Amino acid sequence: MVTFFVVACLLSLCSFALTDECRSGFLKDMDFPGTDLTFLYSPSVEHCQKLCTQHPSCLFFTFIRPDWTKDDRNFQCFLKATPSGEPASQTPLPGVTSGFSLKACNQDIQSCFPEVFENVDFFGADYRTLFTATSEECQRTCTQDPACQFFTLLNENFAGTNVRFKCHLKFSWNIPTIPVIERNTGLVSGFSQKRQVTQFDAACQSKFLLNTDIPGSDLLSLKAVSAQHCQVLCSAHPQCTYFSFVSDDFKCFLKNNPNEMVTEAKDGITSGMPARYCQFENFEKLTYEEVDFKGSDIRFELTDDADACQRKCTETPVCQFYTYINENFSDQAFWRHCFLKSAITIPVPPKVSKLDNAVSGFTLRDCGTTVS
Ligand SMILES: *[C@@H]1O[C@H](CO)[C@@H](O)[C@H](O)[C@H]1NC(C)=O
């Protein structure tokens with residue numbers, strides 16, 4: 001009995017080691033049925049694979065290709081996982097392509113998608129429109145605007161004559177957002193120290209309005225670890241005109257009102273304005289004591305201290321932030337655990353669908369630059 005248990009253990013370790021290999025190829029007309037974590041929209045199997053790679057727990061995926069004809073689920077990218085890391089089954093299915101996460105490949109995720117998609121709409125997430133004569137001009141405009149992640153142009157044959165040549169610039173988060181931030185004794189959290197590629201030399205000025213709220217005009221609310229982090233989020237969002245940060249519960253309110261800014265004294269709230277076209281220095285370098293960046297775990301490793309955990313995160317390409325558990329945490333079983341975490345930062349359209357005479361594509365900002 002004891003021998004059997006040991007052998008089973010060795011086998012499960014063995015299978016874990018096997019799933020750790022880098023499998024970058026695609027399986028055309030093959031389905032990995034079931035075991036879905038979620039689905040996102042994606043225009044191509046290469047993009048779908050990068051979504052899986054950046055999703056913290058996705059291990060493999062099935063993409064429903066544009067040539068799928070059974071129903072209108074084209075462009076859905078199903079992110080999947082099993083405890084073993086292997087698909088539960090593999091079934092031939094024309095019109096879908098499956099593959100594996102690139103987490104184990106230990107390479108930087110290039111956010112470069114040069115392909116332009118004809119008769120495809122990247123629906124939603126618009127922040128600005130203009131008229132351009134060609135899709136190249138629309139894409140160039142997108143590439144020049146730091147907020148633009150993807151675009152859709154309606155071309156000269158589009159059914160609605162009044163919106164022909166209309167170029168829609170669109171936004172999704174290209175810096176990691178952290179879904180849950182909480183206070184917890186014995187936890188230390190922080191960010192990967194990988195230098196973000198930036199075209200800006202000037203350091204951003206962080207001038208805050210302390211103990212000041214700007215009520216109303218809410219665009220969206222998300223989590224930030226500090227007022228400066230909230231300012232970074234506001235600065236990345238093209239529609240954010242100013243923000244208010246509540247330090248008690250780490251709430252960062254991005255606001256939109258280009259016409260006026262009405263402030264009000266309030267303890268515990270810090271407000272401020274975005275700083276664009278400059279380089280943020282501090283917030284990623286700092287470590288945040290007694291703070292949990294909860295969830296979004298890729299995996300954990302054991303390290304001696306929080307600094308070693310930060311280094312581990314920095315040298316792991318898919319890791320974007322981390323939480324380390326030290327000896328002040330209540331449950332000793334978790335001491336020295338270094339949780340590596342990730343979020344999707346490649347452009348992700350809220351919806352992708354077929355649309356005659358629409359042309360869609362991505363910013364070329366990250367093409368031809370190397371991340372180090
Ligand atoms: C644990 O808490 C004590 C008291 O707050 C502090 O002095 C010490 O540095 C903490 N230990 C670690 C590893 O952070």
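**Salt bridges, burial and a domain interface**

Mentor: Helix α5 holds both Glu 315 and Lys 312, which are three residues apart, about one turn of the helix. The model under discussion is a predicted one.

Trainee: What makes the pair of Glu 315 and Lys 312 a salt bridge?

Mentor: The closest N and O atoms of Glu 315 and Lys 312 are 3.8 Å apart. The rule asks for a side-chain nitrogen of Lys or Arg within 4 Å of a carboxyl oxygen of Asp or Glu. The value of 3.8 Å is within the cut-off of 4 Å, so the pair is called a salt bridge.

Trainee: Which residues are linked with Lys 312 and Glu 315 in a network of salt bridges?

Mentor: Arg 299 and Glu 301 belong to that network together with Lys 312 and Glu 315.

Trainee: Why is Glu 315 called exposed?

Mentor: Glu 315 has a relative accessible area of 52%, and exposed means over 50%; therefore Glu 315 counts as exposed. Lys 312, at 23%, is partly exposed, because that term covers the values between 20% and 50%.

Trainee: How do you know that Arg 336 and Asp 304 form a salt bridge?

Mentor: Their side chains meet at 3.1 Å, N to O, and the limit is 4 Å. The value lies within the limit, so the pair qualifies.

Trainee: What makes this a link between distant parts of the chain?

Mentor: The two residues are 32 residues apart. Arg 336 sits in the loop between β19 (321-325) and β20 (337-341), and Asp 304 in the loop between β18 (297-302) and α5 (306-315). As for accessibility, Arg 336 is partly exposed at 34%, while Asp 304 is exposed at 62%.

Trainee: Why is Arg 65 called buried?

Mentor: The relative accessibility of Arg 65 is 11%. Buried means under 20%, so Arg 65 counts as buried. The side chain of Arg 65 meets that of Asp 67 in a salt bridge of 2.9 Å, N to O. Asp 67 is partly exposed, at 47%. By the same rule, the count comes to 15 salt bridges.

Trainee: What does the rule find across the interface of domain 1 and domain 2?

Mentor: Across that interface the rule finds zero salt bridges. Three residue pairs are in polar contact there.

Trainee: How is the side of domain 1 that touches domain 2 made up?

Mentor: The residues on that side divide into five nonpolar, five polar and one charged. Domain 1 covers residues 2-105, and domain 2 covers 117-173 + 346-367. The contact takes eleven residues from domain 1 and 13 residues from domain 2.

Trainee: How much area do domain 1 and domain 2 bury between them?

Mentor: They bury about 980 Å², 74% of it on carbon and sulfur atoms. Tyr 41, Pro 43 and Phe 75 supply 54% of the area that domain 1 buries against domain 2, more than any other three residues. The centres of the two domains, taken over C-alpha atoms, are 29 Å apart.

Trainee: Why is Gln 139 called buried?

Mentor: Gln 139 has a relative accessibility of 8%, and the limit for buried is under 20%; the residue is therefore buried. Gln 139 is found in helix α3 (residues 135-144). Its side chain reaches the backbone oxygen of Phe 362 at 3.0 Å. Apart from residues up to four places away in sequence, Gln 139 touches Pro 114, Val 116, Phe 151, Phe 362 and Leu 364.

Trainee: Is Ser 172 buried or exposed, and how do you know?

Mentor: Ser 172 is buried, because its relative accessible area of 8% is under 20%. Ser 172 lies in the loop between β9 (166-170) and β10 (180-191). A polar atom of its side chain lies 3.2 Å from the backbone nitrogen of Val 348. Among the residues that Ser 172 touches are Gln 149, Phe 150 and Ile 346.

Trainee: Is Ala 159 buried or exposed, and how do you know?

Mentor: Ala 159 has a relative accessible area of 70%, and the limit for exposed is over 50%, so Ala 159 is exposed. Ala 159 has its place in the loop between β8 (150-154) and β9.

Notes
Residues are numbered from 1 along each chain as its sequence is written. This is a predicted model: local features need pLDDT of at least 70, side-chain atom pairs count only at pLDDT 80 or more; totals for chains, interfaces and linings use all residues. Side-chain values use heavy atoms; hydrogens and water are left out. Domain bounds come from an automatic or database domain assignment. Contact means heavy atoms within 4.5 Å. Buried area is the accessible area (1.4 Å probe) that two parts lose on being put together, summed over both. A polar contact is a pair of N or O atoms within 3.5 Å; within protein, one must be able to donate a hydrogen and the other to accept it, and residues adjacent in sequence count only if both atoms are side-chain atoms. Ala, Val, Leu, Ile, Met, Phe, Trp, Tyr, Cys and Pro count as nonpolar, Asp, Glu, Lys and Arg as charged, and the others, Gly among them, as polar. Helices (H or I, at least four residues) and strands (E, at least two) are DSSP runs, numbered from the N terminus. Buried means under 20% relative accessible area, exposed over 50%, partly exposed in between (1.4 Å probe, protein chains only).
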